[in-house]
Amino acid sequence: MAIIANRFLIQTRFDIANDPMDNFCIAIGTCCWCCNIFVEGDADIGQMVSECIFSMMAVCFLTQQEVELRRIKSMAKPFEGVPAHIYCELAPSQQKMCRSGDEAKADYGTMEENHVPDNR
């Protein structure tokens, strides 16, 4: 679930659309999942096939995310936040998370403030 959520955040925040291969992989995964519902006999085999296909898709998604983040970091112009045309479409709670500065820090704290010490 985290892989899909991370993919969604990267795509929406950086205005990245699915390419034809993404759509193909998602369609194949969906078809296999649907076929798994109708598999008669050993349901474990259908479940294993579905998990295998999802794992392959997850690797592709993670690789795409890594490539996009590297591309964004290497750009001559640094990232200046979520583009206005995307920001206005976000839910208010997400807009609040996107804001930088003292107001956001006051609402969410900093990494140091939220750190829980490891008392092992």
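**Exercise 1. Which residue forms a salt bridge with Arg-70, and how far apart are the closest N and O atoms?**

Step 1. Arg-70 forms a salt bridge with Glu-66, and their closest N and O atoms are 2.7 Å apart. The term salt bridge stands for a side-chain nitrogen of Lys or Arg within 4 Å of a carboxyl oxygen of Asp or Glu.

Before going on, please note that this is a predicted model: local features need pLDDT of at least 70, side-chain atom pairs count only at pLDDT 80 or more, and totals for chains, interfaces and linings use all residues. Residues are numbered from 1 along each chain as its sequence is written, and side-chain values use heavy atoms, with hydrogens and water left out.

Step 2. Now find the two partners along the chain. Both Arg-70 and Glu-66 belong to helix α3 (residues 43-74), where they sit four residues apart, about one turn of the helix. Helices here are DSSP runs (H or I, at least four residues), as are strands (E, at least two), numbered from the N terminus.

Step 3. Check the accessibility. Arg-70 is exposed, because its relative accessible area is 59%, whereas Glu-66 is partly exposed at 38%. The cut-offs are these: buried is under 20% relative accessible area, exposed is over 50%, and partly exposed is in between (1.4 Å probe, protein chains only).

**Exercise 2. How many salt bridges does a search of the whole structure find? Describe the others.**

Step 1. The search of the whole structure gives three salt bridges.

Step 2. One of them joins Glu-68 to Arg-71, with the closest N and O atoms 2.9 Å apart. These two residues are three apart in helix α3, so about one helical turn separates them. Glu-68 is partly exposed, with a relative accessible area of 21%, and Arg-71 counts as partly exposed too, at 40%.

Step 3. Another is the salt bridge between the side chains of Asp-22 and Arg-7 (3.5 Å, N to O). This pair links distant parts of the chain: Asp-22 is in helix α2 (residues 20-37) and Arg-7 in helix α1 (residues 2-13), 15 residues apart.

**Exercise 3. Which residues form a nonpolar patch on the surface?**

Step 1. The patch is formed by Met-21, Phe-24 and Ile-28, which together have about 300 Å² of accessible area. Such areas come from the Shrake-Rupley method with a 1.4 Å probe; for residues, only the protein chains shown count as cover.

Step 2. Recall the rule for patches: they are made of residues with over 30% relative accessible area and no salt bridge; like charges are joined within 9 Å, nonpolar side chains (Val, Leu, Ile, Met, Phe, Trp, Tyr) within 5 Å.

Step 3. Take Ile-28 as an example. Ile-28 is in helix α2 and counts as partly exposed, at 36% relative accessibility.

**Exercise 4. Which residues are 74 residues apart in sequence and 7.2 Å apart in space, C-alpha to C-alpha?**

Step 1. They are Ile-86 and Thr-12. Ile-86 is found in helix α4 (residues 84-87), and its 9% relative accessibility makes it count as buried.

Step 2. Here is another pair to find: Leu-62 and Asn-6 are 56 residues apart along the chain, and 8.9 Å separates their C-alpha atoms. Leu-62 lies in helix α3 and is partly exposed, with a relative accessible area of 42%.

**Exercise 5. Where does Asp-15 lie, and what is its phi?**

Step 1. Asp-15 is in the loop between α1 and α2.

Step 2. Its phi is positive, about 55 degrees, although Asp-15 is not a glycine. For background, most residues other than glycine have a negative phi.

**Exercise 6. How many helices and strands does the protein chain have?**

Step 1. Counting gives seven helices and zero strands.

Step 2. Of the 120 residues in the protein chain, 18% are buried.
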